Amino acid sequence: MDMLVSGDVSAVHGAMRVLTEFTREVTDTQMPLVAPVILPEMYKIFTMAEVYSIRTRSRAVEIFTTCANLICTIEEIEKGAAKALIFPVVQQFTEAFVQALQMPDGHSSDSGLKMEVLKAVTALVKNFPKHMVSSMQQILPIVWNTLTESAAFYVRTEVNYTEEVDDPVDSDGEVLGFENLVFSIFEFVHTLLENSKFKSTVKKALPELIYYIILYMQITEDQIKVWTANPQQFVEDEDDDTFSYSVRISAQDLLLAVATEFQNESAVALAAAATRHLQEAEQAKNSSNQHWWKVHEACMLALGSVKSIITENVKSGRVQFDMHGFLTNVILSDLNLSATSPFLLGRALWAASRFTAAMSPELIQQFLQATVSGLHDSQPPSVRISAVRAIWGYCDQLKMSESTQVLQPFLPSVLDGLVQLAAQFSSEVLTLVMETLCIVCTVDPAFTTSVENKICPLTIAIFLKYSNDPVVASLAQDIFKELAQIEACQGPMQMRLIPTLVSIMQAPPDKIPSGLCATAIDILTTVVRHSKPPMSELLMCQAFPVVAQCTLHTDDNATMQNGGECLRAYVSVALEQVGQWRDEQGHSGLWYVMQVVNQLLDPRTSEFTAAFVGRLVSTLIARAGTQLGDNLDQILRAILSKMQQAETLSVMQSLIMVFAHLVHSQLEPLLEFLCSLPGPTGKPALEFVMAEWMSRQHLFYGQYDGKVSTVALCKLLQHGLNTNDKRLQDIMVKGEEIFNPDEGIRTRSKSAKNPERWTNIPLLVKIFKLIINELSSVVEANATRVNAADWSQDSGDMWEEEEEDEEEDEGLAGQLLSDLIASNKYDEDYYEDDEEEDPDALKDPIYQIDLQAYLTDFLRQFAQQPCYSMFSGHLNEAERRVLQSIGI
């Protein structure tokens, strides 16, 4: 502080550098001491433009922003923190920020300073929106000016490079590129969109805003250089899910954000902005400006990125936009230009593939012809790559509209083009080609069958060549899956593929890349799953014994897991053949499956090998129930001993699910069996299994497992009451944790002195409470799903007319991180390709149950039973509310 107030420029500079690091480390308890001392000094330094350098003043703003963000976090826990620590200085800082944004670049301002100022203003608007409402009248026009003036400057210096410019450099030698200012402007607009008070300001400015966004979306001279030299980088940067970051990408993000928020208004604004840009580009072209094409490219990118809102609004007549004119006079005529940028040609091919719904069959044919020519070897890489993306688009769109017949004549040339590209490129370009090849295989089964002899050998060769690239491996697997689903392809594909997979599984582990064997088994599983019984000789007599041996003799977890899943596929698809097959010693296929189950459950192997064993055992029991005989007892004993070791939730869930499935199919034998064995404490194993299951049921994930286990709980409860089963009624389990009201926050030392304490309640009461909890989860998930569907149909104006001074508790501020992480097992997108992919789950009638209806019905009937009063006394407030919601 002494150095800060000394007035010596060098001393202040040094002190500021230390302070920048220091404020990042300040904790919530220290901030009340730090802010009142530091913030007034930061204000002084920032406003003394004549005394301190731009960089020192930038640091003052950065320190202010760091403090503001932390104070907002403290405010969530301790109301009043913001009022005491930051509100006293907000007004003067805001006024100084407004002034700073208006200063022309020169000796007291530059883009680096303005970037820090904008970050600070964004932090204030995001964290303290109510407090900022009064200042918005001043702030908005100035940020808008920054956006528009920066656009012209950016186009001159970055996009077209018609003007040299020196970027400012900070005191650590970091170049503060002008694009950083653009990023912070966009971030400010995103913040306005996230807040109900300020959304409407964005809505009013849409036509102008989108016009400028398109300017920022143009390709820069720098990108042209990089992409021309490195096609892989072109694929990476232009991918929808890219990790790259540039002004072009962040402008696209902003366009998508406003289009999601105001669908209809954005469509109108975008149509107007694109029309205006295309007219201006025409003038530029006529006055021989060589950069006119970049505006065309950006307009095509913008319209193609949000094509659904454009096509829907043009169709309904809400938006006046000459779609046919755009397709023929802009896209098609750009494709016919003799000398133009390959990046414009590529974008035109891609853009056309986005709008097939608006084209006549003749026009589609013209574009397909152009796209096939674009794949040709003689074209620049960027055109060929864009043609590949366009092919993917046509297959996707035309499959949806069920009009793939227009594609059929072009398929042979498309395939040749893709095969050529696959041979010439690796990594990013190759993965794009394989994704496209995969969708091409799905267009016309007859065509795919006729070229299986090209596709399959190519895919095998790529799989082997890039065997240590997991992305390529999974794409190869996707292609094999598509081929396996076409019956006429199965035979020839197996002849080529199975010997390759067998040789990988038989290879000594040190002779092949790690992970290759596990992937080969995975691919075999895919082929088995899509075969119709009876299985071919190749799959049964060659692949089956090899995968079983491989799984039994490996020490690699992934190979063991995948081996178990592969054998599950065999059991599921062709149990009889597995049972009939014998090796030279006379052991049956089932004997081998049992050996693998025992190995996966062996106490000496890692617990993670057991992560899927539950599914294998459940499939085995479901398909081969009676044939297992004593083996079933042996498996269940092994599961019990594995449960005593396992710690990971996913492994425990997998093991417990075996018992949940048995509750459905063999409840009485299961109870007898578990009562005949001692658990770890000497009491019957039934008590151990129930305690483990009950303490974890609420944590299980996945829709299918959720349904199986929950319906099993209902069956257990019903059985316990109907038969007055003492085995279940006498078990006591943990109920709810007991908290001491005077204890305050639990620290480690407190926990050590007073370990957790729980209520003890009867098992059947616990089951009843868990069923209520599951109902509440599924109701919540269904409500979220309905809301999400409404959202996407609505034009996004639903929040428009809200009360102005509502409580500002929006966003996630009020939610605990733990709640967000403990997402709902019944949410569709919780586990992306969750068990829904699993054919065994899809076949199970339980999977089709409407759980909300089932549980509502079950609980209503249960409430009618005479013993209900013994249960209802144990309910807490939240559980009572759930029951009230269904009328109990």
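Q: Where does the charged end of R347 sit?
A: The charged end of R347 sits over the ring of W350, 4.6 Å from its centre; the criterion is NZ of Lys or CZ of Arg within 6 Å of the ring centre and within 35 degrees of the ring normal. This is a predicted model, in which local features need pLDDT of at least 70, side-chain atom pairs count only at pLDDT 80 or more, and totals for chains, interfaces and linings use all residues. Residues are numbered from 1 along each chain as its sequence is written, and side-chain values use heavy atoms, with hydrogens and water left out.

Q: And what does K285 lie over?
A: K285 lies over the face of W292, at 4.6 Å from the ring centre.

Q: Turning to aromatics, how many pairs are there?
A: The count comes to 28 aromatic pairs, where rings of Phe, Tyr and Trp (its six-membered ring) pair if their centres lie within 6.5 Å; planes under 30 degrees apart count as stacked, over 60 as edge-to-face and the rest as tilted.

Q: Why is the pair of F186 and Y216 edge-to-face?
A: The ring planes of F186 and Y216 are at 90°, with centres 5.3 Å apart, so the pair is edge-to-face.

Q: Are those two residues, F186 and Y216, buried or exposed?
A: Both F186 and Y216 are buried (under 20% relative accessible area, with exposed over 50% and partly exposed in between, for a 1.4 Å probe and protein chains only).

Q: What about W581 and Y592?
A: Their planes are at 55° and their centres 5.8 Å apart, so the pair of W581 and Y592 is tilted. W581 is buried, as is Y592.

Q: Which residues form one aromatic cluster?
A: Y43, F46, F64, F93 and F97 form one.
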